[in-house]
Amino acid sequence: MERISILGFILAILYFITTELACNGYTHISNNVQSEREALIDFKSGLKDPNNRLSSWKGSNYCYWQGITCEKDTGIVISIDLHNPYPRENVDENWSSMNLSGEIRPSLTKLKSLKYLDLSFNSFKGMPIPQLFGSLKNLLYLNLSSAEFSGTIPYNFGNISNLQYLDLSSDYFNDLSIENIEWMSSLVSLKYLGMDYVNLSSVGSQWVEVLNKLPILTELHLDGCSLSGSIPSPSFVNFTSLRVISINSNQFISMFPEWLLNVSSLGSIDISYNQLHGRIPLGLGELPNLQHLDLSINYLEGNISQLLRKSWKKIEFLSLGQNDLHGPIPSSFGNFCNLKYLDLSGNYLNGSLPEIIKGIETCSSKSPLPNLTDLYLSYNQLMGKLPNWLGELKNLRRLDLSSNRLEVPIPASLWTLQHLEFLFLSMNELNGSLPDSIGRLSQLQLLDVYSNHLSGSLPDSIGQLSELEVLDISSNQLSGSLSEQHFWKLSKLEALYMDSNSFRLNVSPNWVPPFQVNILYMGSCHLGLAFPTWLQSQKNLQSLDFSNASISSRIPNWFWNISFNLGDLSLSHNQLQGQLPNSLNFSTLDFVQIDFSSNLFEGPIPFSIKGVDFLDLSHNKISGPIPLSRSESLSYLVLSHNQITGPIPSNIGEFLPSLYFLSISSNRITGTIPDSIGHLTSLEVIDFSRNNLTGSIPSTINNCSRLIVLDLGNNNLSGMIPKSLGRLQLLQSLHLNDNKLSGELPSSFQNLSSLELLDLSYNELSGKVPSWIGTAFINLVILNLRSNAFFGRLPDRLSNLSSLHVLDLAQNNLIGKIPVTLVELKAMAQEHNMDMYSLYHGGNGSRYDERLIVITKGQSLEYTRTLSLVVSIDLSDNNLSGEFPEGITKLYGLVFLNLSMNHIIGQIPGSISMLCQLSSLDLSSNKLSGTIPSSMPSLTFLGYLNLSNNNFSGKIPFTGQMKTFTELAFAGNPNLCGSPLVTKCEDEDLDKRQSALEDKINGGYVDQWFYLSIGLGFAMGILVPYFVLAIRRSWCDAYFDFVDKIVEWLLFRRRVTDAKNHARRQ
């Protein structure tokens, strides 16, 4: 009984203790639950949730709130995941609907057991990352990427020593930064570190050493972090677990970090978009786990044959594009059985693609590159034919071979790739035609064969490509008829480029295309005389090119309703008639380019032009004055070659402030150049040439500091050239020719160091030719001071113009000798390839066509497209004296040479034949003497020659090229004789008699040798056999036995024949 009492007492005590503990525990858990709920509610109150994304955050059971995860037993919050599930690309749609913003409340630190926190892709714009995150010491996962935080990342993040995943990556436009990276060395448990586009420029090179202290780091992402300099090597490599390193889009100027070759665990390396240089280590191909390698867009070198002969055991993604690799592609790359993506574009690869590649023996599928989906080999120097093995890449989806030198027809095997989605073959030398089998590429979304030599017609089967979105067959030699069948199933087509071919569209008048394209280029296609009515169905057009399309009608009114939404519209080089609408007001906010040039439009210029950036109305019949309405966007305006009258609007500078290209040449514009032209400070080209402008050149034009071309030629401008033009330091082309300008050349022109063309011809300028021209205009290609009143001697320093192609100082009052230093004009001593046509190139197709009048072959010729071929010296019609400058004959590139109407003496040097490019030579009206060099007939390109009115003597070397010239080329030289002149040379008859005597003597000599050779031949034919038979008796007996047998046989045949004839007679 006593034992029972004791046992009961013990049980009572245990019950009391258990009950007490349970009650206290429940109270403790209850208190924690209440605390964490309150913390979450407070955290929510700091957030802005415009779309009520956190509507579930109510009630007591917070473990079921959206984004919250608790421990099962205790209900303690261990995870908050409030990331925006939509990427920022959809910023105007889904992203904004799920976006959280506001502030991060300190109550978050009360969640002591929080291990997972994800606030990524929200918008805490302008807010610094709160330091309170550094107090969450139990965090294992922290993702604040793309949440638009800014400022410096707090140092106390180093306190989260258990952290395994940290992503603070920013967007391109955010401003997160780290000033000192040492705190990261405390994150010894870190496996993933993402800091893309966080500014680490203050960190320097210590990032490698710090991160090398993280022993289990597996992924490192530091893209776009403004890291620069070289990539340092750690003192010892501790990255034993590193699988991924991505440090692209920085400013590394470094060799490839070869210490990475010691990290055998690496599966992915991305150092693209940097400035790496030196050779790509061959050891990369031997890394046992490497699957992804991206070194594109650097300056790395190497032989591609050596690189691709390595094993690359597991490689799946290999991008080496836009580097300096060279050599041919080896056949061994077919062994990369796991390869899915290969980019070798933008290098210097040469040779032809291998005809056969390996892989059949290596890969389990018994075919080369069985997993390859993307192959990019564009922008190299590959040549030869396309190999048939391309058609064996059965999983290929994207193939880019554009911008090479590939030729011959496209192989038929290529049209069997049923999974092909994108095919780029543009800018090669491919020929042949597109086959009907092209219609089998049922998955094809893009076909680009632009700029090849393809010919023939377009197959109807192309209309079966129902997935096609982009079709570019422009700039080929394709021809034939295009029917509705060619577009039958192209309902997904968005861009169609058919321009620069010879197609003829043949569709019914009521045809409605199955597509709604954004881009439609059909320039140079014959669309018919009437404006295409089917265009009315296209509601999504952004770019339209119907240039040179043989249209010769008025533009229908309905067209203007759809055209004002276009960004690019070209109807040039047709015969479109009628008037343009009163206003050209385009609604699009993008760049708008309108080209109506080379048509038959007439009437006034549209009064209102809004929303247009580029407007070309040149080469029409537009008349009336230039209307002016304010346009902030218009930057390119060309009204040249019309019938426009009236003055240039005086307020043009205020109304068109954005102009950078202005051409109103070849019209009937009168009045003066307004001072407001100086307000157009963005102008790069001014072309007012070939009008009737009067007055002086306004000095305000110097405010156009960006000016590259100034053409005021062929007007009636007067006064002096403003000194202020010398401030236009970017000026490359200056035409002031054919005006009435006077005074001297301003000394301020010495500042025009960029000048390439200076044409001041046909004015009333005076003074000496400045000696500083030779030193100031170091880039000068054309110097034309023709027909002015310059006097004095030619400066020796002209020889410093090492780029000079044309020197024209004719019709002035120059005296003295021609400088011997002209031989130093280096550009005239070699062949020339400079493109002086289109001297100025601007963006968006803007172009100033350079031109020059050259007096040659006795006539004025205007050179534009062939200006680069003109190499000329014209010093004619001056008072120059002295001997013919022999040094000129060393200017081997000369095409035109005119020294006529001076007082030059001496002889033409025999070395004149060295000017093998010479096309025109005029030395007339001088005092030259001596004989015409016998070497001159070798000037095979010489098409014009004038040596008249000199003192030449002797016989004209009338052979070779000289036979093409008449007596006018030699007239006025009384001592010249021989053809083509009537005057005979004195020794011409003696020469003829001597020639006849020589022919007779030479003929008798030949006859004697002829008869002697016959006699010797006859004697040898008899004597040689006689001596042979006399020496060898056995040969003699055999020979005569043979002769006897022949004679006997002949006699026998004769007797038989006689007997037969006698029998017939009887």
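This report describes strand pairing and salt bridges in a predicted model.

## Basis of the model

Residues are numbered from 1 along each chain as its sequence is written, and side-chain values use heavy atoms, with hydrogens and water left out. Because the model is predicted, local features need pLDDT of at least 70 and side-chain atom pairs count only at pLDDT 80 or more, whereas totals for chains, interfaces and linings use all residues.

Strands here are DSSP runs of E with at least two residues, and helices are runs of H or I with at least four, each numbered from the N terminus; two strands pair if DSSP finds at least two bridges between them. Strand E2 (residues 68–70) runs antiparallel to strand E3 (residues 77–81), joined by 3 bridges, and the two form a hairpin with 6 residues between them, where Gly75 in the turn has a positive phi of about 75°. E3 also pairs with strand E5 (residues 116–118), in the parallel sense and over 3 bridges. Ser79 is the bridge partner of Thr69 and also has Tyr116 of E5 as a bridge partner.

## Salt bridges

The whole structure holds 11 salt bridges, each a side-chain nitrogen of Lys or Arg within 4 Å of a carboxyl oxygen of Asp or Glu. One of them joins Asp42 to Arg105, with the closest N and O atoms 3.0 Å apart; Asp42 lies in helix H1 (residues 2–45) and Arg105 in the loop between strand E4 (101–102) and E5, so the pair ties together parts that are 63 residues apart in sequence.

Arg786 and Asp808 meet in another salt bridge (3.1 Å, N to O), and both residues are buried, meaning under 20% relative accessible area, with exposed being over 50% and partly exposed in between (1.4 Å probe, protein chains only).
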